[in-house]
Amino acid sequence: MKDLEPVFGGSDLKQGAVYQIKGTLYRYLYKDVYRSPEYPLYKFQILPGQRKRTDISLNKNNIRSAYLVPGCKAQQVSSVSTHHIQLSLF
C-alpha cells in the first residue's frame with residue numbers, strides 16, 4: 001500500500017477521503033454535531049469488500065489511530081434520509 005499519512009486531529013479529516021484504521025479501510029462521513037465540542041465524535045463508514053462489517057465512531061483521542069490513504073477517494077453511495085422514509089410510510 002502507498003505511504004500512509006497520520007491523522008493528528010479532527011481538523012485533518014477530509015470528507016469522502018479513505019482512511020485506514022487498524023488495518024481496515026473506511027470513508028470519513030462527518031463530525032457528530034450533537035456531541036459536546038469538548039468531546040467530538042467522528043463517524044466513519046466501512047468500504048465494501050472489507051472483512052469487518054460495521055461502521056465506527058472515533059473520539060478525539062482515538063482519531064490518532066487513523067491514517068489517510070493518499071490518492072484514494074471513496075465514491076459516494078446512494079442513501080435514504082429519514083425524511084424520505086417517513087414520507088413513504090404515510
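# Exercises on a predicted model

From the N terminus on, the elements of the protein follow the order β-β-β-β-β-β-α. The model is predicted.

**Exercise 1.** State how many helices and strands the protein has, and characterise its burial and surface.

*Solution.* Step two concerns burial: 32% of the 90 residues count as buried. Step three concerns the surface: the accessible area comes to about 6,800 Å², and 52% of this belongs to carbon and sulfur atoms.

**Exercise 2.** Determine what share of the contacts between residues at least 6 apart in sequence joins residues at least 24 apart.

*Solution.* Contacts between residues at least 6 apart in sequence are taken as the reference set, and 48% of them join residues at least 24 apart.

**Exercise 3.** Describe the largest nonpolar core and identify the elements that give two or more residues to it.

*Solution.* The largest nonpolar core has 15 residues, and those with the most contacts inside it are Leu-13, Tyr-19, Ile-21, Phe-44 and Ile-63. Two or more residues come from each of β2 (17–21), β3 (24–31), β4 (41–46), β5 (56–59) and β6 (66–73). A second, separate core holds five residues, including Val-18, Leu-25, Leu-47 and Ala-74. As a general background, nonpolar side chains in soluble globular proteins tend to be buried together.

**Exercise 4.** List the residues in contact with Tyr-19, leaving aside its neighbours within four places in sequence.

*Solution.* With those neighbours set aside, the contacts of Tyr-19 are Val-7, Asp-12, Leu-13, Lys-14, Thr-24, Leu-25, Tyr-26, Tyr-28, Phe-44, Tyr-67, Leu-68 and Val-69.

**Exercise 5.** Classify the aromatic pairs by the angle between their planes, and locate the partners in the chain.

*Solution.* The count comes to two aromatic pairs.

1. Tyr-19 and Phe-44 lie 5.9 Å apart, centre to centre, with 80 degrees between the planes. Planes over 60 degrees apart count as edge-to-face, and this pair is accordingly edge-to-face. Tyr-19 belongs to strand β2 and Phe-44 to strand β4, so the pair ties together parts 25 residues apart in sequence. Both residues, Tyr-19 and Phe-44, are buried.
2. The ring centres of Tyr-28 and Phe-44 are 5.4 Å apart and the planes stand at 55 degrees, so this pair is tilted. Tyr-28 is in strand β3 and Phe-44 in strand β4, 16 residues apart, and the pair links distant parts of the chain. Tyr-28 is buried, as is Phe-44.
3. Taken together, Tyr-19, Tyr-28 and Phe-44 form one aromatic cluster.

Key: Residues numbered from 1 in each chain as written. Predicted model: local features only at pLDDT ≥ 70, side-chain atom pairs only at ≥ 80, totals over all residues. Heavy atoms only, no water. Helix = DSSP H or I, 4+ residues; strand = E, 2+ residues; numbered from the N terminus. Buried < 20%, exposed > 50% of the residue type's maximum accessible area, 1.4 Å probe, protein only. Contact = heavy atoms within 4.5 Å. Areas by Shrake-Rupley, 256 points an atom, 1.4 Å probe, with all protein chains shown as cover. Core = buried A, V, L, I, M, F, W, Y, C linked by side-chain atoms within 4.5 Å. Phe/Tyr/Trp six-rings, centres within 6.5 Å; stacked < 30°, edge-to-face > 60°.
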